[in-house]
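Subject: Structure handover

Hi there,

Please have a look whenever you get a moment.

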Amino acid sequence: MGWESWLISTFARALAYGTPLLLGTLGEIYAERSGVLNLGIEGMMIMGAYAAFVVTSKTGQPWLGVIVAAAVGGVFSLIHAFASITLKANQVVSGLALTMLGLGLAGVLGRSWVGLPLFTPLTRATVPGLSAIPIIGPGFFTRQCLLAYIAMLLVPIMWYILFHTRIGVTIRAVGEDPATADSLGVNVARVRYLCVVVGGIFAGIAGAYLSIYYRPAWTAGMTGGIGWIVIALTIFAFWNPVYGLVGSYFFAALYFLAYRMQMWVAPSILKAMPYVFAILILIFVSRGTLQKRMGAPAALTLPYTRGEE
Amino acid sequence: MLKVLTPKWLKIERRPVPSGGVIFLVSIIAIVAALLVAAIFFAAYGVSPISAYRSIIGGALGNWSGISETLRRMIPLLLCGIGLTIAFRALFWNIGADGQLLLGAVAATGVALFSGLPGPLLLPAMFFAGFSAGALWGVIPAVLKVKLGINDVITTLMMNYIALYVVLWLIHGPWRGPSMRGYAYTDMFPPAARIPVIGQSHVHWPTLVLGIVLAVIMYIFLNRTRGGFEIRVVGENPHAARFSGISELKTIAIVMVLSGGLAGLAGVGEVAGVHYQLLDPTQISMGYGYTAIIVAWLARKNPLAVIITSFFFGVLMAGGDVIKVNLGLPFQLIHVFNGLIMFFLIGSELFMNYKISIRRQ
C-alpha cells in the first residue's frame, strides 16, 4: 500500500472515530467554560445512544433518532445541573453519579434491544467540491456520516460564539469570576444551566452517532469509555473548540494507527492504547508553559452563592 | 440561585459544623428517598416494590447463604472504601480503586503461581505484593497530579481501563492456564495460596478481620497523628499546607500508597479468597472500586463508618443478585440504585450544611 492510500485511510478513520469525541468535547467545553465540570458525559452519551437506537428502530427515521437523542441528553444533564448548581453539590461526585445512573438506566431499559439489527442507519455522504482535493478530499470528505460534517462545521461556530460574541463573553465571565458577572446583572445560575444542557445535547448526539451509525446496534456498554476520553480531550483542548477538533482527530488517528499493529501486538494491549494515549497526551500538554496562560476556567467546580466567597 | 428558588417563608442559614446526629439523620433520609425513587423502576417492571425490597433484605440477610454473600461483597468494599476515605480527605479524587484492586489481584496471582515460595510464606507474600502493586498503580496519578498538575479523576479512571486490559492480556496470553483447556483463566492456586473461608462459603474471614482492623488503624492515623493531620490540611486548605511547610508531594504520595494499597489488598482477597485463580476482570471486581466511592462518601470520609456503609452496600449487591435470579430483573438495576443513592446523598449535603427553617412573619 502506498503512503497516499495509507494517509487517506488514516484520515478517514480519524474522522469516523473522532466525531463522537469531537461532539462530546464541544459540549463539555461549554459546560466547563461556564464553571461546571460534568463527568457524566459517559452516562449522557449512553442514554443518547439508547434513545437514538430505539427511536430509529421504531420509526425508521435516523434523524428523528438523532433529535430525540439530543433531547434525552439535554434532559438527562439537568439532573447534574440541578445537583451541582442549585443544590451546590460536589461536581465530581454528581457527575460520577450521572454516569452510573445513565449506564444503569440504559442497561435496564435496553435489555430487550440487545442484538437486534438496525435497518436504517444514518447514511454516508460525499461533499461535492471538497472531495476532489487530493488526499484531504478522499480522506475527510468522501463517504462519511453527515453528522461528521455537521460536527466539523459546528467547530468554527462554537468557537466564534465563545470568543467573539456577547453570549461567549458572558459564559466565560461566569466561569472565571461569577461574583463579578453577578454584580453586572448576569444570572449566573441560568447561564450555567444552559451550558450544562448544551453539553448534554452534544453528548446525546455523540451517543446517537455511535448507536445508529458507527456500530449500528445496541449493547449496554457501547460507549466504552469514550465519555472519559472526552473529559481528557477538553483539557487537552485548553477549553477551545478549535483545539478540540485537532485533539479529537489526532487522538482518533493514534487509535487507528495502534490498531494497525495488531499483527505484532496482542489485541488486549491495543485496546488499552486509547487510555494510555489519553494520559500521555495530558503529560505532553502539561509540559508546555502554555498551561499557565490558557488554563482551566478559574471557577471550574466551584458552586456560586451570592455574597459568599 | 438559592434565592431564586427559595420561597419567602423559608429561611436558609449556613450551619457551622453539622453534628453527628444531623449527618446520620440526613443520610438515612437520603437513602430512603433514593430507595423510594428506585421503587418506581420496580413498579415499571411489574414487580411490587414492597416484595422487591423484601426479597433484597430477605435474600441478603434472611439466611446464612445470603449473609455469607453479603459479607463476601462487603470485604472488597470495606478495603477499597477505607482507602478512598483517606484519598477524599486529601481531596484527591481516586476513582481508580477498581484498577488498583485488579493490579493487586495480578500481583497476588503472580506470587501464588510463579514465585516458588514455600507454603507458609505464600499468603503473606501475596498480600505484600498485592498491596505494593495497588500502591504503585495509585501513586502514579498522585505524582502526575502534584508534579505536572494533571487531573486526578482522568488519570485514575484511565488506569482502571489499562488495568482491565492488562488482566485480559494476561489471562488470554502469557498466564493462560495450561490445565484450563483453552479457557481464559490462569491455573488454580495451590492450597497454601488460598485464604481460609468459613465453611463452604466465600467468606474469607482473615481478609474481613484485616479490613476491620485497618479501619480502626486508619481512623486513628487520620484523626490522632501528625500524618493524618497533614493529610487533612492538604485537603482542606492547600495554601495553609504550603505555608506551614507540609510537602504536598509527600503527603499525596502517602495518601495514594495507602489508598491504592488497600484496594490492592481487596484484589488479593478476591483471587486468593474467592476465585483461587485470575479470571475475567469483570468477575474479579464487579465494580467494587466504583461502588466503594459511594461507600466512602456515605461514610462521610470516616474509616470507621466504612464498616457500616460497606456492609450496607454488601446487602444491596447480594440482594441485587437475588432479585436478578428470583424476579428476573436486569442486573444493571444495581447501578441505577447506586446512581440514585449518590445523587440523594450529595443533594442532602445542602441540608447538612445549611439550616432550613420556616420564617416567622
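**What turned up**

Helix α4 of chain B, which covers residues 64–89, has 26 residues and spans 36 Å from its first C-alpha to its last, close to the 38 Å expected at 1.5 Å a residue. Do keep in mind that this is a predicted model. The helix has a kink of about 25 degrees at Met74(B), shortly before the proline Pro76(B). Of the 26 residues of α4(B), 22 are buried, so the helix is largely enclosed by the rest of the structure. Just after α4(B), Leu91(B) takes a positive phi of about 55 degrees.

**A helix pair in chain A**

Over in chain A, α2 (residues 41–59) has an end-to-end reach, first C-alpha to last, of 26 Å for its 19 residues, close to the 27 Å expected at 1.5 Å a residue. Because 17 of its 19 residues are buried, α2(A) is largely enclosed by the rest of the structure.

How do the axes of α2(A) and helix α4 of chain A cross? They come within 7 Å of each other, at roughly 20 degrees, with α4(A) covering residues 91–109. That makes the two helices, α2(A) and α4(A), roughly parallel. Their crossing is left-handed. On the α2(A) side, the contact is made by Glu42(A), Gly43(A), Met44(A), Ile46(A), Met47(A) and Tyr50(A). The α4(A) side includes Leu98(A), Thr99(A), Met100(A), Gly102(A) and Leu109(A).

**A helix pair in chain B**

In chain B, helix α14 (residues 303–326) packs with α15(B) at an angle of about 150 degrees, and their axes are 10 Å apart. This makes α14(B) roughly antiparallel to α15(B). The crossing is right-handed. Leu316(B), Met317(B) and Gly320(B) of α14(B) make the contact with Leu333(B), Ile334(B) and Phe337(B) of α15(B).

**Where the chains meet**

The contact between the chains takes 42 residues from chain B and 44 residues from chain A. On the side of chain B that touches chain A, the elements giving two or more residues are α1 (2–5), α6 (119–148), α7 (152–172), α13 (288–298) and α15 (333–353). Which of them gives the largest share? That is α15(B), with twelve residues.

**Two residues to look at**

Ile307(B) is found in helix α14 of chain B. Is Ile307(B) buried or partly exposed? With 19 C-beta neighbours inside 10 Å it counts as partly exposed, because a residue is buried at 20 or more. Leaving aside neighbours within four places in sequence, Ile307(B) is in contact with Leu78(B), Ile212(B) and Ala215(B). Ala215(B) is 92 residues away from Ile307(B) along the chain, yet their C-alpha atoms are separated by 7.3 Å.

Leu249(B) sits in helix α11 of chain B, residues 248–275. Leu249(B) has 12 other C-beta atoms within 10 Å and is exposed. Apart from neighbours within four places in sequence, Leu249(B) is in contact with Val146(B) and Lys147(B).

Best wishes

Definitions and conventions:
Residues are numbered from 1 along each chain as its sequence is written. Chains are lettered from A and ligands numbered from 1 in the order in which they are written. This is a predicted model: local features need pLDDT of at least 70, side-chain atom pairs count only at pLDDT 80 or more; totals for chains, interfaces and linings use all residues. Helices (H or I, at least four residues) and strands (E, at least two) are DSSP runs, numbered from the N terminus. The expected span of a helix is 1.5 Å times one less than its number of residues. The bend at a residue is the angle between axes fitted to the seven residues ending there and the seven starting there. Axes are lines fitted to C-alpha atoms, for helices over the stretch in contact, and angles run from 0 to 180 degrees between N-to-C directions. Angles under 35 degrees count as roughly parallel, over 145 as roughly antiparallel, 65 to 115 as roughly perpendicular and the rest as oblique. A crossing is left-handed if the near helix is turned anticlockwise from the far one by less than a right angle, and right-handed if clockwise. Two residues are in contact if their C-beta atoms, placed from the backbone, lie within 7 Å.
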